[in-house]
Every structure is written in C-alpha cells, then in structure tokens.
Amino acid sequence: MKTTILEKAKAIVERRRSISEETALRNKQLAFKDKIFKELYQSYTTKMIECARQDKPLSEEDKNLKVRYLERLKELNIRSIEPYYYCHKCKDTGFIQGKYCTCLIKEINNLLKQESGFLSFEDFKDAKFDFSDKAEFYKQLYQLMKAWCHSSFQKNLILLAGDTGVGKTHLIKCMANELIKLNHVVLFTSSFAMHQDFYKSYATKDLDQKNALLERYLNCEFLFIDDLGTELRNPNISLNYLYQVINERKNKKLPTIITTNLDLYDIKDYYDERISSRIIDKNTSICILIKGKDIRLQK
C-alpha cells in the first residue's frame, strides 16, 4: 500500500477527531458562560475527583449533579460538551492497541478504490444466475469464491481464466467487496495500469519513487489484477517485475486474485516458466477456467 494512501486515510480520520474535539471545546466554553451550569459542572467534577482519590463510589446525590448539569445543557440548547466521535471504538485515532481500526481500513479502501478507477464493486447477495445456461456452475463458483473470502487463505492465489464476457470481473468485484466488508485492505487494479507503474518504476532514477511504485503491489493485503495478458509487454521489464510481484506475494503468503483471457497453456507460452509455475501451483493456487458465451450478450 502506498504510504501516501495511508497518510491520506489517517488525515481523514484525524480531521474528524479534530472537528469533534474543537466542537466540544467551543460548546464547553459557551456553557461555562452560564453560571448555573458552571456551578453544577464544577461541583460534580470536584466530587468525582474526591471519590477517585478515596477509592469510593459516587453517592446518589453526587450522581444527581451530573443529571442536573446535563438538563441545564438542554435548556441552553447545547448538544454536548464531550467530543462526539465518528468512531466510538477508537475515538477517531484510527488505531486500537496499535492495530488499524475498521474506520481507518474503510478510508484506506475508499482511497484505493478511487485510485484504481473501480469506484463501485458488486455484492454476492445480488448475483443472479438464471440468465445463463450454466446457472448451476456459476452458483457453485460464486459460493466457492465467497467461502474462500472467509477462509484462512492457504490457497493464496486465485486464477480465473476464460474468454471475454464470461463474468470474471464481476466475480472478483464481489470478492473484493466481501473482503472489504470483512475489514481487509484491498488493492484492485487492471494489469495494464499495474504494468504502467512497472515502466515508471524502471524509468525513474528517484529511488523513493521507484520503491513506492512497486511497494503497493508487493505488500498490500489483497491484490486483485484484472485482465492479465492485456498489458503492454517488454520482456526485460514487464516479465521481471511481474515475477517479482507474484513471487514475493507468494513467499509472504499475501493473497493475489487474477483474471485473464488466456488459458493455462497460453499462460505458459505468454509468460516465462518462472511466472507460470508460480501462478499454476497446485499446492498454493486455485485455477478455474470459465467456459461459455459472452454473458452480456446472453442477458
């Protein structure tokens, strides 16, 4: 994942926190202009501190002070003097015990969607199969891929091969959406766009830019590559970079999902042995060939 994507996502979450706390501070300053509220609030906080020091609970009379100052806030038409966080789990910090909160993951995925050009994904629950003469096959395929999204990903590469229009892209959009709902970080790209980044990385002399262009493909949690085989090819660049991405992700056990119009024999011919052997690996890959007419024409 690009560092800039993470920084942008963190900035969105931090901005929410800042707005919440600034609003709460303004409300508190406004409320303190009211003498009745100020006396009730200060009395309550004083009692709360005293009880904490003495390690004893608040009395009912002390608790009533809070009820009264909250009622006074309503009379003053002030919503709250406490921050109203967008995410109550992390209080808009983006992290829980050092790990990404679901709210930060959501913003990362939104930014990755925008950058990929695939702004809308599909949903498994909306999938229809009655338009095809292979309805049962598609139903089972969708069930298998949904189950994989909920698995431990021991098979960490999925290859969906088949002619144009048989539903490969629609299926992986469902998979990407399912993984996002499960709070995973997903990078969805076309093979053409990914290879454009390979060429940029090869051409630049800026080491930081060179690494950044590759890092997003090497280390994102889930990588979806649509239409492998349609990219501009340069054996000295595209094959080496593609192998690096697939091989390193395999070694790190990071899931990769690929669609292609090529069949398994074409892949062996189109790419070198290093790449095809990593893609078509019965121990760690699931390779599915989808045969049939163009679904869009059948519809």
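A nonpolar core is a set of buried Ala, Val, Leu, Ile, Met, Phe, Trp, Tyr and Cys residues joined through side-chain atoms within 4.5 Å. The views below show a predicted model.

**View 1. The largest nonpolar core has 39 residues.** Within this core, Ile108, Phe198, Leu242 and Tyr271 touch the most other members. At least two core residues come from each of α1 (3–31), α4 (102–116), β3 (157–162), α7 (191–203), α8 (207–219), β5 (222–228), α9 (235–251) and α11 (273–279).

**View 2. Strand β3 is covered on both faces.** Leu157, Leu159 and Ala161 lie on one side, Ile158, Leu160 and Gly162 on the other, and all are buried. Because six of its six residues are buried, β3 is largely enclosed by the rest of the structure. In a regular strand, side chains alternate between the two faces of the sheet. β3 pairs in the parallel sense with β6 (residues 256–260) over five bridges, and Leu157 stands opposite Thr256 of β6. Pairing with β7 (residues 285–290) is also parallel, over six bridges, with Ala161 opposite Leu289.

**View 3. Helix α9 has 17 residues.** At 1.5 Å a residue the helix should span 24 Å, and the 23 Å between its end C-alpha atoms agrees with this. Lys253, which follows the helix, has a positive phi near 60°.

**View 4. Phe198 and Tyr217 form an edge-to-face aromatic pair, one of the 17 aromatic pairs in the structure.** The ring centres are 6.0 Å apart and the planes make an angle of 75°. Phe198 belongs to helix α7 and Tyr217 to helix α8, 19 residues apart, so that the pair links distant parts of the chain. Phe198 is buried at a relative accessible area of 0%, and Tyr217 is buried, also at 0%. The charged end of Arg216 sits over the ring of Tyr217, 5.0 Å from its centre.

**View 5. Tyr270 and Tyr271 pair edge-to-face.** Their ring centres are 5.0 Å apart, with the planes at 80°. Tyr270 is partly exposed at 26% relative accessibility, whereas Tyr271 is buried at 3%. Beyond four places in sequence, Tyr271 touches Leu228, Gly229, Glu231, Leu239, Leu242 and Leu262.

**View 6. Phe32, Phe37, Tyr41, Tyr44 and Tyr69 form one aromatic cluster.** Elsewhere, Arg274 lies over the face of Tyr243, 4.5 Å from the ring centre.

Note on methods: Residues numbered from 1 in each chain as written. Predicted model: local features only at pLDDT ≥ 70, side-chain atom pairs only at ≥ 80, totals over all residues. Heavy atoms only, no water. Buried < 20%, exposed > 50% of the residue type's maximum accessible area, 1.4 Å probe, protein only. Helix = DSSP H or I, 4+ residues; strand = E, 2+ residues; numbered from the N terminus. Contact = heavy atoms within 4.5 Å. Pairing = 2+ DSSP bridges. Expected span 1.5 Å × (residues − 1). Phe/Tyr/Trp six-rings, centres within 6.5 Å; stacked < 30°, edge-to-face > 60°. Lys NZ or Arg CZ within 6 Å of the ring centre and 35° of its normal.
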